[in-house]
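Hi,

Here is the structure I promised to pass on. Have a look through it first, and then read my notes below.

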Amino acid sequence: MEAILDFVNSSGFALFAQGDNWKCLVMLGIACLLLYLGIVKKFEPLLLVPIAFGMLITNLPGANMFHEIFFAGGHIHWDLIGGAPVTQEFINELAAAQVSDAVLATAAVGQSITPGLVDILYLGVKLGIYPCLIFMGVGAMTDFGPLIANPKSLLLGAAAQLGIFMTFVGCRLSGLFTSAEAGSIGIIGGADGPTAIYGATMLAPHLLGPIAVAAYSYMALVPVIQPPIMRLLTTEAERRIVMKPLRQVSKTEKIIFPIMVAVFVALLVPSAAPLIACLMLGNLFKECGVVERLSKTVQNELINIVTIFLGVSVGCTATGRTFLSLQTIAIMVMGVVAFGFGTAGGVILAKIMNLFLKEKINPLIGSAGVSAVPMAARVSQVEGQKANPSNFLLMHAMGPNVAGVIGSAIAAGVMISLFG
């Protein structure tokens with residue numbers, strides 16, 4: 001009978017009644033909601049489904065797949081992962097670093113913690129490996145031709161990063177976040193999930209869960225968030241503007257472009273070099289025409305495997321102790337603000353450019369400067385055809401759209417340089 005009672009008391013069902021484990025029940029509900037949105041509503045399912053499942057398993061009491069103590073204080077504690085016991089000095093150091101009491105309570109002095117499955121997978125996130133590999137796949141699937149054909153669209157991509165910096169200012173003025181935390185939240189405005197995750201791991205790893213969920217949730221809602229802002233900031237006549245077809249870009253230009261961008265950005269913002277280098281390497285694989293096998297691997301097998309590992313391990317950071325807080329609510333609110341300012345920035349700059357250009361730009365393509373590729377470009381196309389059914393803006397919008405990918409990575413590098 002005693003053995004049976006011990007088994008029952010050690011089960012996850014009994015653990016729900018202990019301490020603040022009630023938060024785990026709430027998180028299980030949130031995880032199921034995200035699974036519903038990913039599977040039924042098809043909101044960014046490739047990443048939302050693994051993130052939601054990671055959130056599900058990490059909030060099962062007793063599963064011990066992810067231990068926040070290994071990564072407390074923003075550092076990887078290799079000695080603990082290797083089996084070293086927790087010392088009082090270690091606890092004191094974390095307390096001095098203002099690590100939450102809830103995290104400190106998960107480890108006792110003299111205890112040796114066995115790493116769980118997700119602890120090992122999460123190292124790829126913490127070391128910045130997964131986001132960079134995903135960028136390599138994105139580069140291999142991206143055509144920079146529209147950007148090369150119309151270099152002015154680079155300015156629109158840059159203007160759309162307004163959301164990142166405005167959100168940073170808003171977070172700092174709220175008093176809820178430090179500069180590093182505000183910088184990582186602002187990156188949500190770039191509408192680029194891997195960049196948001198990379199920035200969070202470098203600046204505010206304890207906020208990685210809510211930042212990742214906000215970034216990918218709002219990326220899926222781009223067709224809902226952007227159109228009202230686009231219509232508000234443009235007139236019917238502006239939305240009807242027809243743009244001339246883009247010139248044909250040579251293969252030589254497409255090969256030189258990733259090399260030049262990688263060198264220039266790495267010298268300008270060294271902190272952005274890992275993301276930009278991987279993005280441009282993937283694109284070079286695609287455009288050079290001599291490594292077709294590598295290009296296909298990066299576009300398919302590699303990016304798919306890394307997406308699974310990234311999604312599950314990021315989801316596992318969203319524990320009840322860290323996710324259910326005022327900060328999380330603020331992050332979700334500021335995420336919408338970031339997307340709104342990013343959309344507005346691109347549209348407004350396009351309108352300003354039209355004051356000086358002979359060949360007018362349809363301001364709708366400015367909204368594609370957020371780097372949700374190619375969703376934001378499709379939104380520009382749809383809104384343009386509503387105003388003028390004969391209008392075809394997709395390829396024009398792809399210029400600022402891919403420029404936004406570069407711009408968000410540079411903006412993240414700036415934040416990391418300033419506050420990392």
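**What I found**

The largest nonpolar core has 124 residues, and the members that touch the most others in it are I69, F144, I185, I276 and I406. Keep in mind that this is a predicted model. The biggest contribution to that core comes from helix 24 (residues 394-419), which gives 11 residues.

Setting aside residues up to four places away in sequence, I69 touches H77, L80, F90, L94, V103, T106, A107 and I113.

Next, helix 13, which spans residues 179-186. Seven of its eight residues are buried, so this helix is mostly covered. The buried ones are A180, E181, A182, G183, S184, I185 and G186. I185 is also on the list of residues that touch the most other core members. What lies over the buried residues of helix 13? The cover includes helix 12 (162-174), helix 14 (193-203), helix 15 (208-220), helix 22 and helix 24. Helix 24 is also the one that gives the most residues to the core.

Then there is a pair of helices to look at. The axes of helix 9 (residues 129-140) and helix 19 (residues 273-288) come within 6 Å of each other, crossing at roughly 35°. The crossing is right-handed. On the helix 9 side, the contact is made by P131, C132, F135, M136, V138, G139 and A140. Helix 19 brings P274, L275, C278, L279, L281, G282, N283, F285 and K286 to it. By type, the residues of this contact are 12 nonpolar, three polar and one charged.

Is S295 buried or exposed? Its relative accessible area is 6%, so S295 is buried.

Last, T328, which sits in helix 22 (residues 326-354). T328 counts as buried because its relative accessibility is 6%, and the cut-off for buried is under 20%. Beyond its neighbours within four places in sequence, T328 is in contact with P210, T322 and F323. Helix 22 is also among the elements that cover the buried residues of helix 13.

Cheers

Terms used:
Residues are numbered from 1 along each chain as its sequence is written. This is a predicted model: local features need pLDDT of at least 70, side-chain atom pairs count only at pLDDT 80 or more; totals for chains, interfaces and linings use all residues. Side-chain values use heavy atoms; hydrogens and water are left out. Axes are lines fitted to C-alpha atoms, for helices over the stretch in contact, and angles run from 0 to 180 degrees between N-to-C directions. Helices (H or I, at least four residues) and strands (E, at least two) are DSSP runs, numbered from the N terminus. A crossing is left-handed if the near helix is turned anticlockwise from the far one by less than a right angle, and right-handed if clockwise. Contact means heavy atoms within 4.5 Å. Ala, Val, Leu, Ile, Met, Phe, Trp, Tyr, Cys and Pro count as nonpolar, Asp, Glu, Lys and Arg as charged, and the others, Gly among them, as polar. A nonpolar core is a set of buried Ala, Val, Leu, Ile, Met, Phe, Trp, Tyr and Cys residues joined through side-chain atoms within 4.5 Å. Buried means under 20% relative accessible area, exposed over 50%, partly exposed in between (1.4 Å probe, protein chains only).
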